[in-house]
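Reader: I'd like to walk through this one with you, from the whole fold down to a single sheet. Could you show me the chain?

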Amino acid sequence: MNILLLGPPGAGKGTQAKRLEERYGMVQLSTGDMLRAERASGSALGKQVQAIMDAGKLVSDDIMIALIASQIAGLKDKGFILDGFPRTVPQAEALDVMLKKNGITLDHVIELTVDEEVLVDRISGRFSCKKCGASYHDRYHQPKQAGICEVCGNTEFIRRPDDNAETVKARLAAYHQQTQPILPYYRTTGVLSSVDGMAEIDEVTRQIEAILNKSKG
Ligand code: AMP
């Protein structure tokens, strides 16, 4: 099964994608994680995108489309969860072409809806496990044992440099101006469902699973 998760920064796409990955064996394709890995490796691409990401702006379509194109064909049999791509109309169009070329269909596009007033608060407190990427939050979701990742037991955590109030505002503006316009397209193709991203994390997962299970029956 192939899924696309949509929603503004902080809606919970990454958290939910990781859960689906664990439960169903699909592969999470997070373009944000891919770019962060490029930066950490010190590659030319990493250096090229650094300033754009730190400003909360979008990396060029050419770069993003090439990044996804290099991954998607190999995942035909496993299934994937797209998290953070497409983010613009040209990216959505390119994705369509790529999928058709590889004989792949998107089974579900799931939009996580959130009250944007809480997003700055949600995002500015978040951190994740350096090893497995599990997400936590200073106020809403601390690891059960302080300082120890619940998923893998690692004790090192990281915070994203773009998870600060000012950059979040730029990321939200990019979402409104460049990403929201892709929603009507998926609405017309009939694969779009919305889930209340303000619910508890487990409840959001349940709602997503209900959508996925509907298509099996
Ligand atoms: P994310 O982890 O999805 O919030 O992405 C972090 C940052 O990576 C974004 O603010 C953008 O600068 C960049 N980025 C990730 N995915 C894309 C994309 N599909 N198109 C353009 N820029 C992206």
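**Reading the fold**

Author: Start with contacts (heavy atoms within 4.5 Å): among those in the protein chain with a separation of 6 or more, 68% join residues 24 or more positions apart. Keep in mind that this is a predicted model, where local features need pLDDT of at least 70, side-chain atom pairs count only at pLDDT 80 or more, and totals for chains, interfaces and linings use all residues. Residues are numbered from 1 along each chain as its sequence is written, and side-chain values use heavy atoms, with hydrogens and water left out.

Reader: What radius of gyration does the protein chain have, and what would a compact globule have?

Author: The radius is taken over C-alpha atoms, and the globule rule is 2.2 Å times the number of residues to the power 0.38. For 217 residues that puts a compact globule near 17 Å, and the protein chain agrees because its radius is 17 Å.

Reader: How much of the protein chain counts as buried?

Author: Buried means under 20% relative accessible area (1.4 Å probe, protein chains only). Here 42% of the 217 residues qualify.

Reader: Now the sheet: in what order do S6, S5 and S7 come?

Author: Strands of a sheet pair through backbone hydrogen bonds, either parallel or antiparallel. Strands are DSSP runs of E, at least two residues, numbered from the N terminus, and two of them pair if DSSP finds at least two bridges between them. This open sheet runs S6-S5-S7, with antiparallel pairing. Its edge strands, S6 (135–137) and S7 (157–158), each pair on one side only.

Reader: Which residue in S7 is the bridge partner of Ser128?

Author: That's Ile158. Strand S5 (residues 126–129) and S7 pair over two bridges.

Key. Buried means under 20% relative accessible area, exposed over 50%, partly exposed in between (1.4 Å probe, protein chains only). Helices (H or I, at least four residues) and strands (E, at least two) are DSSP runs, numbered from the N terminus.
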